[in-house]
Amino acid sequence: MNRLKTIHESRILILMRAKLNLLTLSLLLSFLGILFSITSCKKVTEEFQTDDVSEYMPLQVGKYITYRLDSLVFTNGGRTQETHSYQVKHVVNAEITDNLGRPSYRVYRYLRDLEGLNPWQPNGTYIITASKDQIEVIENNLRAIKLHAPIATDFSWKGNRYLAREPYQSMFTFSNDDNMNDWEYYYEKVNDTIQFNQQPINNVLKIVEVEEIAVMDTVDIANNKATIPLNTEAVYVRGSATDTVIITVPAPNSGFENLTIYNQTNQTASLNGIIIPQGLALSYEYANNSWGYPNRITVENNKISYTRNVSVGYIIGTASDSINVDVSRLDTFGLKKITIYNKSNKPAYLNSKEIPVGFGREYNLLMGTWTSESALVDKDPFLNEMAFGQKSYSVEKYAKGIGLVFKEFILWEYQPLANPPYTAGFGIKLTMIDHN
């Protein structure tokens, strides 16, 4: 019996060893398979190919490019805008070393009339320094990195990082240059095409240096009329007229129901019979399918309910008798002063104080009662301060094998609170007209 037990136990042990050996072999084969897979894979490194920046600004003595120069200036104390046009020629004059001892090129600039009838006149110099991964231009002690590797769409760099905080402060009283050293240049396009002498030039880089614009729309009048573009929120109307300027505005989309019109013409302006004197502005609201006064309250049964939490409201509509103004539902928690204009056909009354037709009255909340001790208001709430505006915009284009083919650089700021208001700044536009 014991012998049979021993034989049985031995068989179990053999089976267990066989299973262990089979598991070990399976694990070993799996490991070898993984090892083979790892060792058989080759590491692949993708190398990014980019053009050399120097290909877009070829530099050798005698190289030149001629441009049309349009110069934007503000004269008459910043109250008049003028554009002066010339021809300007940039010529690589010599190889030199810059202040840091680096190999560089000196460029002479020449200027003449737009028609090219007069001789070229010297117009300054600047330095170009090309290194392995960037190209710098130094002019009037202002150093900028105009091109930087790698040349790839959306690649950016701080092109003005060597500039002082306000590099133009000695020439212009504006704030446009306050943060120039933080401007992020970037390649908006790296394979653009431009037209030159009716022929395409390919392989053009478009570099956006800054695009900060806070300027209202401007509409010029024609035949004493002006049409405001759809969904405009604030606009200057300008030009010379012989009579009242009639303004039309299309019905806006939702969210664009408010509009402010600045009348910078030489006549009064009118939108739906509401007058804006010359040099002033007025706000309008689109409601009940028409442009009119903002915060309009329509007369019903010789009564209006002033429920809006606004400081200025307008009574409109037709009544058969004097109009009672009910302010019982007005939230007075944060509103302690209101002005009510009566644009209806009958006098209106709030707490026995009359608001004659065509006038307004100011009320103050005192001890829970709306009272008025001030004189009547005989004019709409016109704005006599024009809206602040500024434009910082700089774009350059470089063609492979040619160099700079286009540049637009604008810095100006409109100061409406000055007496008189003025614009400070400048603008230049270069458009290539010849090169070698």
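**Figure 1. Salt bridges across the predicted model.** A search of the whole structure, which is a predicted model, finds 16 salt bridges. One of them joins the side chains of E55 and K400, with a distance of 3.5 Å from N to O. E55 is located in the loop between α1 (2–40) and β1, and K400 in the loop between β28 and β29, so this pair ties together parts that are 345 residues apart in sequence. E55 is partly exposed, its relative accessible area being 31%. K400 also counts as partly exposed, at 31% relative accessibility.

**Figure 2. The salt bridge between E396 and K146.** The closest N and O atoms of E396 and K146 are 3.0 Å apart. E396 belongs to strand β28 and K146 to strand β6 (residues 142–148), so the contact ties together parts that are 250 residues apart in sequence. Residues under 20% relative accessible area are classed as buried. E396, at 1% relative accessibility, is therefore buried, and K146 is likewise buried, at 10%.

Figure 3. In the pair formed by E184 and K158, the closest N and O atoms are 3.0 Å apart.

**Figure 4. Strand β28 and its pairing partners.** Strand β28 is mostly covered, with 10 of its 11 residues buried. Strand β9 (residues 199–214) runs antiparallel to β28, and 10 bridges join the two. Within this pairing, V208 stands opposite V395 of β28. Strand β29 is also antiparallel to β28, to which 11 bridges join it. Here E396 has K407 in β29 as its bridge partner. Strands β28 and β29 form a hairpin with three residues between them. In the turn of this hairpin, G401 has a positive phi of about 85°.

**Figure 5. The largest pocket and its lining.** The largest pocket holds about 1,200 Å³ of space. It is lined by 49 residues, of which H90, R109, E139, K407 and I428 are the closest to its centre. Strand β1 (residues 64–75) contributes the most to this lining, with six residues. By class, the lining of the largest pocket consists of 33 nonpolar, eight polar and eight charged residues.

**Figure 6. The second largest pocket and the strands around it.** The volume of the second largest pocket is about 910 Å³. Among the 31 residues that line it, F74, Q81, R238, W412 and T423 are the closest to its centre. The elements that give two or more residues to the lining of the second largest pocket are β1, β2 (80–97), β12 (234–239), β28 (389–399), β29 (403–415) and β30 (422–435). Strand β30 supplies the largest share, five residues. The lining of the second largest pocket comprises 15 nonpolar, 10 polar and six charged residues.

Conventions
Residues are numbered from 1 along each chain as its sequence is written. This is a predicted model: local features need pLDDT of at least 70, side-chain atom pairs count only at pLDDT 80 or more; totals for chains, interfaces and linings use all residues. Side-chain values use heavy atoms; hydrogens and water are left out. On a 1 Å grid over the protein atoms alone, a cavity is a set of points where a 1.4 Å probe fits but cannot get out, and a pocket is an open set with protein on both sides within 12 Å along at least five of seven lines; lining residues have an atom within 4 Å of a point. Grid points are joined across faces, edges and corners, and a volume is the space filled by probe spheres set on the points. Helices (H or I, at least four residues) and strands (E, at least two) are DSSP runs, numbered from the N terminus. Ala, Val, Leu, Ile, Met, Phe, Trp, Tyr, Cys and Pro count as nonpolar, Asp, Glu, Lys and Arg as charged, and the others, Gly among them, as polar. Buried means under 20% relative accessible area, exposed over 50%, partly exposed in between (1.4 Å probe, protein chains only). Two strands pair if DSSP finds at least two bridges between them. A salt bridge is a side-chain nitrogen of Lys or Arg within 4 Å of a carboxyl oxygen of Asp or Glu.
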